[in-house]
Amino acid sequence: MNRTVRMFSDLEYDHWILVEGDPDIVCFCEQPKQIQVQIDGSIVESILDMWIQRKEGAELFVEIKYAAELDPKHRNFSERSFKQTKAQQKWCEENGFKYEIRTDKEIRVNPVYLDNLKMILPYVRQRAKPIETDYHRILTLLKKSPSTLLQMEQYFLDIPKQRIREAICRMIYTGTIRSNIDTAPFNNNTEVWINDQTEMDRK
């Protein structure tokens, strides 16, 4: 996957975690474009936070802000941030791009899922290439029935627990399997099962 990453704030980092952990996103770039747009008689300069491309080819630009910055009624309202998003939206409309503003209300709506992704991604980074035999054996088991991490560790006694975790995390990351990481902490009781859509795509 082609991914260019530069982080600048905690909120941008949390958003990057969600993007990096989304198997439907094949490519993204941090701060991809600097623009100049005339707003209310003055030139507004701004750098878009992220460009994203999904599997089906859809592209969009994203700006990441705290919701309070864009709320005129809030004491943390930022006229500068408001003008920036207005300029970005105008530029995207004029150039035929889809545009979204994502705030902390959307990015941090599910802290359990966000925390779980922060645990899973390091496992994905530990090995450049997956061990195919581990993949095949785990998938064969999951095709029979869903399982928990603990059940798999007890079943595959000849595979080190670390390798099982690596394989499971990578399969969650790539969308090969599904899990309940959006509702429960990532631990021995995490449930995983075959992603039916992925299996259909392979046939």
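Let me start in the sheet: Arg178 has Trp193 of strand 8 as its bridge partner. Strands here are DSSP E runs of at least two residues, helices are H or I runs of at least four, and both are numbered from the N terminus. A word on the source: this is a predicted model, where local features need pLDDT of at least 70, side-chain atom pairs count only at pLDDT 80 or more, and totals for chains, interfaces and linings use all residues. Residues are numbered from 1 along each chain as its sequence is written, and side-chain values use heavy atoms, with hydrogens and water left out.

Back to the sheet. Strand 7 and strand 8 are antiparallel and share three bridges. Two strands pair if DSSP finds at least two bridges between them. Strand 8, residues 191-194, also runs antiparallel to strand 6, through two bridges.

What lies across the strands? Angles run from 0 to 180 degrees between N-to-C directions, and axes are lines fitted to C-alpha atoms, for helices over the stretch in contact. Contact means heavy atoms within 4.5 Å.

Next, helix 7 and its helix neighbour. The axes of helix 4 (residues 111-125) and helix 7 (residues 161-174) come within 8 Å and cross at roughly 110°. So helix 4 is roughly perpendicular to helix 7, a label for angles of 65 to 115 degrees. On the helix 4 side, the contact uses Ile120, Leu121, Tyr123, Val124 and Arg125. Helix 7 brings Gln162, Arg165, Glu166, Cys169, Arg170, Ile172 and Tyr173. By class, that contact has seven nonpolar, one polar and four charged residues. Nonpolar means Ala, Val, Leu, Ile, Met, Phe, Trp, Tyr, Cys and Pro; charged means Asp, Glu, Lys and Arg; the others, Gly among them, are polar.

How many cavities of 30 Å³ or more does a search of the whole structure find? One. On a 1 Å grid over the protein atoms alone, a cavity is a set of points where a 1.4 Å probe fits but cannot get out; a pocket is an open set with protein on both sides within 12 Å along at least five of seven lines; lining residues have an atom within 4 Å of a point. The largest cavity holds about 90 Å³. Its lining includes Tyr123, Val124, Glu166 and Arg170. Helix 7 gives the most to this lining, four residues. The lining of the largest cavity has six nonpolar, no polar and five charged residues.

Last, the second largest pocket, at about 160 Å³. Helix 1 (10-20) and helix 3 (104-107) each supply at least two residues of its lining. Helix 1 has the largest share, three residues. The lining of this pocket splits into six nonpolar, two polar and four charged residues.

Terms used
Grid points are joined across faces, edges and corners, and a volume is the space filled by probe spheres set on the points. Angles under 35 degrees count as roughly parallel, over 145 as roughly antiparallel, 65 to 115 as roughly perpendicular and the rest as oblique.
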